[in-house]
Amino acid sequence: VQFFTRVSRFWQVGVEWDYSRGGIDGTATVPTDAGDATLEFEQKYSIYTDFLAVAHFLPCPDCRRVVPFVLGGGGVGYEEDTTTLTLRNDYVDQWLRVENDGFFPVWTVGLGIKVPLSKSGNTYLEVGGAYYWGRLKHEVPAEGPLAPAPEVTADNDTTGPNYWLGLGWRF
């Protein structure tokens, strides 16, 4: 969700809020001293959110069919996730659990275009791509017999390309 206001012919400034949740998981058979065992990994994100102050530079403010923009922004992200690892067979039943949460700085730069869907331009399609920097890295408690230490480094790096397609309305 984004909210912008035009502050000059070439600039719009505003805020952006992103929210998501989800996870990743996987299973593999691995050899151990006690025979082959099933290794299961799961990382569930109960929340991933960020809030950014964003600016759009409009290199062609008089363009009507396609309105290009260059964006830049910075703000704060928050994430909360749980990672589990289990190793099991007839002789082995080991596990690891790490609960991670925290705030971290985020930054983004990119390019986009707005394509009006009506003559008034009040409804438009927005397409773009940006590079996003966001990383939560800190020490957190680890539980279970597979824990290598009472605390481990949780390193969740969301840095990378970001693409979007959206609809916009001018009020």
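Me: Is D62 buried or exposed in this predicted model?
Reply: In this predicted model, D62 has a relative accessibility of 52%. The class exposed requires a value over 50%. Because 52% passes that cut-off, D62 counts as exposed.

Me: With which residue does D62 form a salt bridge?
Reply: D62 sits in the loop between β3 and β4 (67-88), and the partner sits in the loop between β1 and β2, 53 residues apart. The closest N and O atoms of the pair are 2.3 Å apart, and the limit for a salt bridge is 4 Å. The partner of D62 is R9.

Me: Which accessibility class does R9 fall into?
Reply: The relative accessibility of R9 is 45%. Buried means under 20% and exposed means over 50%, with partly exposed in between. Because 45% lies in between, R9 counts as partly exposed.

Me: How many salt bridges does the structure hold?
Reply: Among them are the pair of D62 and R9, the pair of E99 and R97, and the pair of D157 and R135. In total, the number of salt bridges in the structure is 5.

Me: How far apart are the closest N and O atoms of E99 and R97?
Reply: E99 is found in strand β5 and is partly exposed, with a relative accessible area of 44%. R97 also counts as partly exposed, at 32% relative accessibility. The two residues form a salt bridge, and their closest N and O atoms are separated by 2.8 Å.

Me: What is the volume of the largest pocket?
Reply: The largest pocket is lined by 27 residues. Those nearest its centre are Q2, F3, F4, Y124 and E126. The volume of the largest pocket is about 670 Å³.

Me: Which element gives the largest share of the lining of the largest pocket?
Reply: The elements that give two or more residues to this lining are β1 (2-6), β2 (11-30), β3 (37-57), β5 (93-116), β6 (123-143) and β8 (160-169). The largest share is 7 residues, and it comes from β8.

Me: How many residues in the lining of the largest pocket are nonpolar?
Reply: The lining divides into nonpolar, polar and charged residues. The polar residues number 7, and the charged residues also number 7. The count of nonpolar residues is 13.

Me: Which residues lie closest to the centre of the second largest pocket?
Reply: The second largest pocket has a volume of about 280 Å³. By class, its lining has 5 nonpolar, 5 polar and 5 charged residues. Of the 15 residues that line this pocket, the closest to its centre are C63, R64, V67, G121 and R170.

Me: What accessible area do the residues of the nonpolar patch have together?
Reply: The patch on the surface is formed by V1, F3, V15, W17, Y19, F51, V76 and F103. The largest share of the patch, 3 residues, comes from β2. Together, the residues of the patch have an accessible area of about 830 Å².

Me: Is V1 buried or exposed?
Reply: V1 lies in the segment before β1. Its relative accessible area is 58%, and the class exposed begins over 50%. Because 58% is over that cut-off, V1 is exposed.

Me: What distance separates the C-alpha atoms of T49 and D18?
Reply: T49 lies in strand β3 and is buried, with a relative accessible area of 14%. T49 and D18 are 31 residues apart along the chain. The distance between their C-alpha atoms is 5.3 Å.

Me: What distance separates the C-alpha atoms of L125 and T5?
Reply: L125 lies in strand β6 and is partly exposed, with a relative accessible area of 27%. L125 and T5 are 120 residues apart along the chain. Their C-alpha atoms are separated by 17 Å.

Definitions and conventions:
Residues are numbered from 1 along each chain as its sequence is written. This is a predicted model: local features need pLDDT of at least 70, side-chain atom pairs count only at pLDDT 80 or more; totals for chains, interfaces and linings use all residues. Side-chain values use heavy atoms; hydrogens and water are left out. On a 1 Å grid over the protein atoms alone, a cavity is a set of points where a 1.4 Å probe fits but cannot get out, and a pocket is an open set with protein on both sides within 12 Å along at least five of seven lines; lining residues have an atom within 4 Å of a point. Grid points are joined across faces, edges and corners, and a volume is the space filled by probe spheres set on the points. Helices (H or I, at least four residues) and strands (E, at least two) are DSSP runs, numbered from the N terminus. Ala, Val, Leu, Ile, Met, Phe, Trp, Tyr, Cys and Pro count as nonpolar, Asp, Glu, Lys and Arg as charged, and the others, Gly among them, as polar. Patches are made of residues with over 30% relative accessible area and no salt bridge: like charges are joined within 9 Å, nonpolar side chains (Val, Leu, Ile, Met, Phe, Trp, Tyr) within 5 Å. Accessible areas come from the Shrake-Rupley method with a 1.4 Å probe; for residues, only the protein chains shown count as cover. A salt bridge is a side-chain nitrogen of Lys or Arg within 4 Å of a carboxyl oxygen of Asp or Glu. Buried means under 20% relative accessible area, exposed over 50%, partly exposed in between (1.4 Å probe, protein chains only).
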